[in-house]
Structures are given as C-alpha cells and as structure tokens.
Amino acid sequence: MELLETLLDLEHRFWAAAGDTGHYEKHFAEDGMMAFHVGIMDKPTILEAIEGAEPWASASIDKPRLVHVNHDVAALVYTTAAVPSDGGPPY
C-alpha cells in the first residue's frame with residue numbers, strides 16, 4: 001500500500017473514532033500534530049479535545065495530498081466536510 005493510501009486509511013479511522021480517546025492514545029504518534037482552523041494541536045491537546053465528543057454521522061476527506069517534509073516526515077493535507085450525529089451544524 002502506498003503511503004498516501006495508508007495515511008488516508010488511518011485518517012478515516014481517526015474521524016470514525018471521534019470521542020474514543022483510547023483509539024487516539026494507541027494510534028496517534030507521540031510527536032504527531034494536527035492543524036485545524038483553530039490552530040495546531042499536539043497529542044495531549046487532541047486527547048483533551050476529543051474526550052466525550054460525539055461521533056460523526058459522516059465525514060469526507062476531499063482533495064487529499066501528501067507533502068513530504070523530509071525522509072522521516074510527511075503531512076497529509078486535505079479539506080473535509082463532517083456532519084455531527086447529534087444533528088448539530090456541519091463542520
């Protein structure tokens with residue numbers, strides 16, 4: 001499996017695991033980062049943010065691309081549209 005496909009698979013699993021801190025604790029890299037419209041989050045911040053979060057009814061990953069930073073680091077960059085399962089406004 002190519003790196004882009006592998007990272008997309010992992011990312012879909014993270015979106016599906018909203019609220020499941022155990023999944024993020026086990027599978028998210030200790031030095032991993034996520035960039036959102038509210039800023040860049042490290043693992044402890046992500047774990048705090050998702051604790052008790054409702055799962056998404058649906059979430060898409062649109063226009064994915066892989067950005068190679070160096071031989072050990074890559075960034076998966078994409079846009080998303082997500083619909084909360086509690087009927088709240090789309091993200």
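Predicted model: local features only at pLDDT ≥ 70, side-chain atom pairs only at ≥ 80, totals over all residues.
The pocket comes first. Strand 4 gives the largest share, with 8 residues.

Next, the rings. A pair of aromatic rings is described by the distance of the centres and the angle of the planes. The count here comes to 5 aromatic pairs. Take Phe 14 and Phe 28: their ring centres are 5.7 Å apart and their planes meet at 70°, over the 60 degree cut-off, so this pair is edge-to-face. Phe 14 belongs to helix 1, while Phe 28 is in the loop between helix 2 and strand 1, so the pair ties together parts that are 14 residues apart in sequence. Both partners are tucked away: Phe 14 is buried at 7% relative accessible area, and Phe 28 is buried at 10%.

Trp 56 and Tyr 91 make another aromatic pair, this one tilted, with 5.8 Å centre to centre and 40° between the planes. Trp 56 lies in strand 3 and Tyr 91 in the segment after strand 4, so here the parts tied together are 35 residues apart in sequence. Trp 56 is partly exposed, with a relative accessible area of 28%, and Tyr 91 is also partly exposed, at 37%.

Back to Phe 14, which turns up again in a cluster: ring pairs link this residue with Tyr 24 and Phe 28. Leaving out residues up to four places away in sequence, Phe 14 touches His 23, Tyr 24, His 27 and Phe 28.

In soluble globular proteins, nonpolar side chains tend to be buried together. The largest nonpolar core here has 9 residues: Phe 14, Ala 17, Tyr 24, Phe 28, Met 34, Met 41, Ile 46, Leu 47 and Ile 50. Helix 3 supplies the largest share of this core, 3 residues. Apart from it lies another core of 5 residues, including Trp 15, Ile 61, Leu 76 and Ala 82.

Note on methods
Residues numbered from 1 in each chain as written. Heavy atoms only, no water. Helix = DSSP H or I, 4+ residues; strand = E, 2+ residues; numbered from the N terminus. Phe/Tyr/Trp six-rings, centres within 6.5 Å; stacked < 30°, edge-to-face > 60°. Buried < 20%, exposed > 50% of the residue type's maximum accessible area, 1.4 Å probe, protein only. Core = buried A, V, L, I, M, F, W, Y, C linked by side-chain atoms within 4.5 Å. Contact = heavy atoms within 4.5 Å.
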